[in-house]
Amino acid sequence: MIVLASGNLGLIYLTQWATRLNYETIKELFPELIPGLVQHEGIGFILVNSSEHGALAIGEKGVYYLDENKIEGKNPLEAFGPNARKHLLRTNKFEYVPDILVNSMYDKHNDEVAAFEELVGSHGGLGGTQNKPFIMYPSDWKINDEKNCWC
């Protein structure tokens, strides 16, 4: 197993297998892993791929079936901005996406995420001001098209 951290994003690779394991297989091999992760107070949600439903965002109190745009229970992406689903669907298609992608919690009151590494600030995952990208450009440029923005 390889576990990597990038700001408030954690990547879990189960390296004994040559390909990414799906949700059903992870659940069969390690029945306590996913419930244990999502019940931790520092975890906002995890992303796994289901052979039956496609991309799943799983939180402590709910599951978002991203491909189907269906929520069961409490929406685990509610605090992570209106484009969280779009970002996760894109990420789920990456060639080297981890078996389990872990995103920390987001404290809206304090506008803070729980970083998995010792840094001032955060990067990598969803939540907080990192969801609000910016571009610095010359003042004479006319940039006002937000409909195609990934922000």
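User: What makes both faces of strand E7 covered?

Analyst: In this predicted model, Ile-100, Val-102 and Ser-104 on one side of E7 are buried, and so are Leu-101 and Asn-103 on the other. Buried means under 20% relative accessible area. Five of the five residues in E7 (residues 100-104) fall in that class.

User: How do you know that E2 and E7 pair, and in which sense do they run?

Analyst: Pairing takes at least two bridges; E2 (residues 9-13) and E7 have four and run antiparallel. Gly-10 stands opposite Val-102 in E7. E3 also pairs with E7 in the antiparallel sense, over four bridges, and there Leu-47 stands opposite Leu-101.

User: Why is the pair of Phe-45 and Phe-80 called edge-to-face?

Analyst: The ring centres are 5.0 Å apart and the planes stand at 80°. The cut-offs are within 6.5 Å for a pair and over 60 degrees for edge-to-face, so the pair is edge-to-face. Phe-45 lies in strand E3 (residues 43-50) and Phe-80 in the loop between strand E6 and helix H3, 35 residues apart.

User: Why is the pair of Phe-80 and Tyr-106 called tilted?

Analyst: Their planes are at 50°, with centres 6.5 Å apart, so the pair is tilted: stacked needs under 30 degrees and edge-to-face over 60. Phe-80 and Tyr-106 are both buried. Phe-45, Phe-80 and Tyr-106 form one aromatic cluster.

User: What makes the charged end of Lys-70 sit over the ring of Tyr-65?

Analyst: The charged end is 4.7 Å from the ring centre, and the distance cut-off is within 6 Å.

Notes: Residues numbered from 1 in each chain as written. Predicted model: local features only at pLDDT ≥ 70, side-chain atom pairs only at ≥ 80, totals over all residues. Heavy atoms only, no water. Phe/Tyr/Trp six-rings, centres within 6.5 Å; stacked < 30°, edge-to-face > 60°. Helix = DSSP H or I, 4+ residues; strand = E, 2+ residues; numbered from the N terminus. Buried < 20%, exposed > 50% of the residue type's maximum accessible area, 1.4 Å probe, protein only. Lys NZ or Arg CZ within 6 Å of the ring centre and 35° of its normal.
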